[in-house]
Amino acid sequence: MEYYIYHDFMMHTKSIIYILMGLFVVGFWGLWAYMTSRDEEIHKMPEHH
Amino acid sequence: MSTENNKSLMTPANIITGIILLVGLIITVLRFTKGLGTVTNLDQNNPWGIWIGFDLLCGVALAAGGYTTSSACYIFGLKRYHSAVRPAILTAFLGYALVVFALHYDVGRPYRLVYPLFVQPGTTSLLFEVGLCVFLYVTVLAIEFSPAMFEWLGMKTLRNKIHKLTLALTVFGVVLSTLHQSSLGALYIAVPSKLHPLWYSPYLAILFFVSSIPAGLSMVIFEGTLAHKPFHHMMDKTHLDEHEGVILGFARGASIALAAYFCVKLVALAADNNWHYLATGWGAWYLVEVLGFVALPSLLYAIGSREKNIKLIKWTAALTVFGIILNRFNVSMVAFNYNLPADQRYFPSLMEIGISIFVVTLGVTIYRFIVSRMPIFFEHPEYKDAH
């Protein structure tokens, strides 16, 4: 991809960054949900005596 | 009694330590009497070598456990990590003190250490900002650590007075750490033509600061793992009971922090549109660093935290510590001056590596001395429930 003016370059990189930011939000949500899913399972488990 | 003491001192570890310290002292004498050229491979193209790349950049990053642990405990109120605060503060204090110590080898003339701050302050230089922050933060860490020393010495009044400053010191420490962790990265913003585009970024300051958080958290886990066996007899019940919880909690924090660091790395890549470099040899090395030592540990920490797999977390902490060292090496040495011919590239001399090993050994020796005497892994009986 060629850029003739700085504005073209900034438009391209900024667009990519906005797409990445969207992916990061979903990624963080997924990571947190994965890490904490067992916590909920432990809390739900009935106590054995 | 003295024979017993002499016998106990002659352990293989102590003998190796003694040899390293002796060799280090000899190189130190050579450095300060014959000059930099005698002991280093530094030249006009490569004025900063392993003493900056390892002793300073890695030393500061890995000492970040001090501000991360104390802010978790005192600012965010996570008191369940309290037992990890003193070991983390001690590691940070020793780390920073040794950074200042090691800097003398590069700068020379130790008696002129005060010049940049008090005699001829170069207030427009980034190095002035780094120097000022390190000077202030070492002072803050010394004060933060001092209650342990005063408890050991039985100086109750002074200990209680300083203990009241804990929150203020923690806030001050976080501010100073944020400033100088990032300014160390900002130093390399001044060399856009020397540093490979994959490592050079206008976001270097942010990258250095964000990476210091998982570095500090991982170092607390790593150091705790190493200290657990030899100093088990010094640890009280609270410390031993909280140990697993500290590891699991810090693993979760490190996983998120590494994921954030990975995101900033990608943003830095996208902002300069450097994607095409990924298809080169340098790109392969960059991917090894970013995927193998940032994304992978983040994932492994998440798995370890979810499965409560302490062993996996401990190995991941070692991987992360190695990854941070690799990143600082890449920025300061490997990808630095990448466009020079191979024969003009820098590789540290044996004596430079010797000094770095000497500095680390000195740190471990002082750590052992302090931990086996002062209340670091246990609460002093006279101050129980005083926190």
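This is a predicted model: local features need pLDDT of at least 70, side-chain atom pairs count only at pLDDT 80 or more; totals for chains, interfaces and linings use all residues.
Analyst: In chain B, helix α6 (residues 85-107) packs against helix α15 (residues 350-371) at an angle of about 145°, and their axes are 10 Å apart. The crossing of α6(B) with α15(B) is right-handed.

User: Which residues of α6(B) and α15(B) meet?

Analyst: From α6(B) come Leu90(B), Leu94(B), Leu98(B), Phe101(B), Ala102(B) and Tyr105(B). They meet Ile355(B), Val359(B), Leu362(B), Gly363(B), Ile366(B), Tyr367(B) and Ile370(B) of α15(B). Sorted by class, this contact has twelve nonpolar residues, one polar and no charged ones. Gly counts as polar in this scheme.

User: Thanks! Stepping back, how many helices and strands does chain B have?

Analyst: Chain B has 15 helices and zero strands. Its radius of gyration is 21 Å, close to the 21 Å that the globule rule gives for 387 residues, so chain B is as compact as a globular protein of that length. Along the principal axes, its C-alpha atoms fill a box of roughly 60 × 55 × 45 Å.

User: What percentage of the residues of chain B count as buried?

Analyst: Burial is read by counting neighbours: a residue is buried if 20 or more other C-beta atoms lie within 10 Å of its own. In chain B, 42% of the 387 residues count as buried. Among contacts in chain B between residues at least 6 apart in sequence, 81% join residues at least 24 apart.

User: How do I read the length of a helix, say α4(B) or α11(B)?

Analyst: Compare the end-to-end distance with what a straight helix would reach at 1.5 Å a residue. Helix α11 (residues 204-228) of chain B, with 25 residues, reaches 35 Å from first C-alpha to last, close to the expected 36 Å.

User: And are those helices covered or open?

Analyst: For α4(B), 13 of the 13 residues are buried, so this helix is largely enclosed by the rest of the structure. α11(B) is mostly covered, with 20 of its 25 residues buried.

User: Where do Arg109(B) and Asn273(B) lie?

Analyst: Arg109(B) lies in the loop between α6 and α7 (115-119) of chain B. Asn273(B) is in the loop between α12 (237-271) and α13 (281-307) of chain B.

User: Why does Arg109(B) count as exposed, and why is Asn273(B) partly exposed?

Analyst: Arg109(B) counts as exposed because it has 9 C-beta neighbours inside 10 Å. Asn273(B) is partly exposed because 16 other C-beta atoms lie within 10 Å. Leu158(B), in helix α9 (residues 156-163) of chain B, is partly exposed too, with 13 other C-beta atoms within 10 Å.

User: Last one: how many residues of chain A and chain B are in contact?

Analyst: On the chain A side there are 14 residues, in contact with twelve residues of chain B. The chain A residues divide into nine nonpolar, four polar and one charged.

Definitions and conventions. Residues are numbered from 1 along each chain as its sequence is written. Chains are lettered from A and ligands numbered from 1 in the order in which they are written. Helices (H or I, at least four residues) and strands (E, at least two) are DSSP runs, numbered from the N terminus. The expected span of a helix is 1.5 Å times one less than its number of residues. A residue is buried if 20 or more other C-beta atoms lie within 10 Å of its own, exposed if 12 or fewer, and partly exposed in between; C-beta atoms are placed from the backbone. Axes are lines fitted to C-alpha atoms, for helices over the stretch in contact, and angles run from 0 to 180 degrees between N-to-C directions. A crossing is left-handed if the near helix is turned anticlockwise from the far one by less than a right angle, and right-handed if clockwise. Two residues are in contact if their C-beta atoms, placed from the backbone, lie within 7 Å. The radius of gyration is taken over C-alpha atoms; the globule rule is 2.2 Å times the number of residues to the power 0.38.
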